[in-house]
Amino acid sequence: MEEQGRFHVLTPLSLLEEWDRLICDPQLHARAHAATRISPIQAFDRASILAPIASQEVWAAGVTYHRSRKARMEESKSNGGGDLYDHVYSAERPELFFKATGQRVVGPGRLVNIRSDAKWSVPEPELTLLINPQGTIIGCTIGNDMSSRDIEGENPLYLPQAKVYAGSCALGPCILLCAEPPPGTTITLEIRRQERSVFSGSTTLAELKRELKELVHFLFRDNCFPAGVFLMTGTGIVPDDGFTLAHGDLIRIAIEGIGTLENNVA
């Protein structure tokens, strides 16, 4: 537990199951506040931070920003799939899809992957919700939804291949305990290549078309998550069509109030 730059032990975690129990604890916020009254840790190695996930699944929402709607329509126009994304942007039911299991997720400072059979790959910076088994938002973190745009653009039915593979998701560097962040929250993305910035962009949660609780409601409709679940809420930052990631690129995502998630491309 971090408060004002000081770190406190919330609970010892020798087993992944203990993280699951912590996420499911209805007194999590009270326990976190109580932990700050304990003497802080004298030494904390930030390089040791792991992805904040055990047996939770990661799901994602798509086409929740106007920018992502435009990008999906552009990448799919050659095969006639563009209208699908225009429709889902304004439909009552949001696009929700399975993204990752814990073993496919990497934490801060670890390597994310691009598919070997993809020619057009991008990161997607996303506010990511942590939701307990009762469907209550208990916190949020930063998510990187690595995506193969050429594969998804070839045929929308290829979305699972474009989105779900080893190292296709990064989470971290922490969980901000909150019901939901304010709409003015800023999200920024920078991509650096050989010490030079090759892309940067920003957006705010005010550009998110759907309410966060609405996305959670649809995710939990006729579904259950005994260990809780992460929900990536979509991206409002998409590099131009001529850009693709390269091996060795540094991806830096920052969300106001949470921190910065950095990963290199393997």
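**Figure 1. Overall dimensions of the chain.** This is a predicted model. The C-alpha trace spans about 60 × 45 × 35 Å along its principal axes. A compact globule of 266 residues would have a radius of gyration near 18 Å, and the chain agrees because its own value is 18 Å. The chain holds seven helices and 16 strands.

**Figure 2. Burial and contacts.** Of the 266 residues, 51% are buried. Consider contacts with a sequence separation of 6 or more: 76% of them join residues 24 or more positions apart.

**Figure 3. The seven-stranded open sheet.** The strand order is β4-β3-β14-β8-β9-β11-β5. Pairing in this sheet is mixed. Strands β4 (95-100) and β5 (105-106) are the edges, each pairing on one side only. Strands of a sheet pair through backbone hydrogen bonds, in either a parallel or an antiparallel sense.

**Figure 4. Close-up of the β8-β9 pair.** Strand β8 covers residues 125-131, and strand β9 covers residues 137-145. The two run antiparallel and are joined over seven bridges. Within this pair, L127 stands opposite I142 of β9.

**Figure 5. Helix α7 against the sheet.** Helix α7 takes in residues 212-220. The helix lies across β3 (57-62), β4, β8, β9 and β14 (229-232). Relative to β8, helix α7 runs at about 60°.

Definitions and conventions:
Residues numbered from 1 in each chain as written. Predicted model: local features only at pLDDT ≥ 70, side-chain atom pairs only at ≥ 80, totals over all residues. Heavy atoms only, no water. Pairing = 2+ DSSP bridges. Helix = DSSP H or I, 4+ residues; strand = E, 2+ residues; numbered from the N terminus. Contact = heavy atoms within 4.5 Å. Axes fitted to C-alpha atoms, helices over the stretch in contact; angles between N-to-C directions. Rg over C-alpha atoms; globule rule 2.2 N^0.38 Å. Buried < 20%, exposed > 50% of the residue type's maximum accessible area, 1.4 Å probe, protein only.
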